[in-house]
Amino acid sequence: MLFALPFPAIDPVLVEIGPFAIRWYALAYIVGLLGGWWYTRFLSRRSRPPVMSDADVDDLLVWATLGTILGGRLGYVVFYNAAHFLANPLEIPMLWHGGMSFHGGLVGVITATVLFCRSRGLSVARVGDLVALVAPLGLFFGRLANFINGELFGRPAPDVPWAMVFPHGGPLPRHPSQLYEATLEGLVLFCLLGLLWRFTALSRKPGQIIGLFLIGYGLSRITAEFFREPDAQIGFLAMGVTMGQILSLPMILAGIVVFVVARRAKPLAVPGGR
């Protein structure tokens, strides 16, 4: 027996005035970045001593935005559709055609954060912890935008009561895997890291939150990939794994290393400081 919920057919374009259009996907990036900017300011001010000034947070937003866009696009080009873009290199900068990779965006943000901290004489570990705390906000809104666009849908699930028939997913009901990812990678990870930062002494040794974010996201992504349809141009890889799962494994290992190294470091000198 087939079960299926109706897919909420929401126009991907939120507002359109002549040639100018605002899409839900672009709005998700804007809300995620601005929300992250506000939350970073809040967290930095609550830290003792403050991690950085408000002006530094403002500038970090610009660096992180560039890192997200450049890294996300290059990651998609290299990891998910290299053959196509080698044959059509002029399409690489055409972001409006879609195609972003979280893992590439992560590398971009890490690179931007390290360069930013070195240019300002700031602690990479302390600033990185704040970036890790706010990153799930962007992931949450981004996955919601994927759902609205009807993209990155799940595998067929004819017996799941909440399965949906997506516009470009064929006739079979499928897992709404975008909502699974929004919950695991976004909401759950955001709450978990926030609680650990607020109610434990993890912040006394900067870098531990970074490690936990890498581990938490990697595990969440690997789990969600069991319900998500792999990219059509790649499909399943060896032993039925997906590209997202393969890219998440080194992320988990890196997170473990970062956490252990930070755990063994000397704690901040300020008693009770975050």
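Start by selecting leucine 106: beyond residues up to four places away in sequence, it touches Phe213, Leu214 and Met251, where contact means heavy atoms within 4.5 Å. This is a predicted model, with local features needing pLDDT of at least 70 and side-chain atom pairs counting only at pLDDT 80 or more, while totals for chains, interfaces and linings use all residues. Numbering runs from 1 along each chain as its sequence is written, and side-chain values use heavy atoms, with hydrogens and water left out.

Leucine 106 sits in helix 4; helices here are DSSP runs of H or I with at least four residues, numbered from the N terminus. Its relative accessibility is 15%, so leucine 106 counts as buried, the cut-off being under 20% relative accessible area with a 1.4 Å probe and protein chains only.

Histidine 103 counts as buried because its relative accessibility is 6%. Leaving aside neighbours within four places in sequence, show its contacts: Tyr80, Tyr217, Arg221, Gly244, Leu247, Ser248 and Met251.

Next, bring up helix 2 (residues 54-79) alongside helix 4 (residues 102-120). Their axes are 7 Å apart and the angle is about 145 degrees, using lines fitted to C-alpha atoms over the stretch in contact and angles from 0 to 180 degrees between N-to-C directions. The crossing is right-handed, as the near helix is turned clockwise from the far one by less than a right angle. On the helix 2 side, colour the contact residues, among them Trp63, Gly67, Gly71 and Gly75; on helix 4, pick out residues including Gly104, Gly108, Ala112 and Phe116. The contact divides into seven nonpolar, ten polar and three charged residues, with Ala, Val, Leu, Ile, Met, Phe, Trp, Tyr, Cys and Pro as nonpolar, Asp, Glu, Lys and Arg as charged, and the others, Gly among them, as polar.

Last stop: the cavities. There are two of 30 Å³ or more, a cavity being a set of points on a 1 Å grid over the protein atoms alone where a 1.4 Å probe fits but cannot get out. Helix 7 (208-225) and helix 8 (243-263) each supply at least two lining residues.

How values were computed:
On a 1 Å grid over the protein atoms alone, a cavity is a set of points where a 1.4 Å probe fits but cannot get out, and a pocket is an open set with protein on both sides within 12 Å along at least five of seven lines; lining residues have an atom within 4 Å of a point. Grid points are joined across faces, edges and corners, and a volume is the space filled by probe spheres set on the points. Buried means under 20% relative accessible area, exposed over 50%, partly exposed in between (1.4 Å probe, protein chains only).
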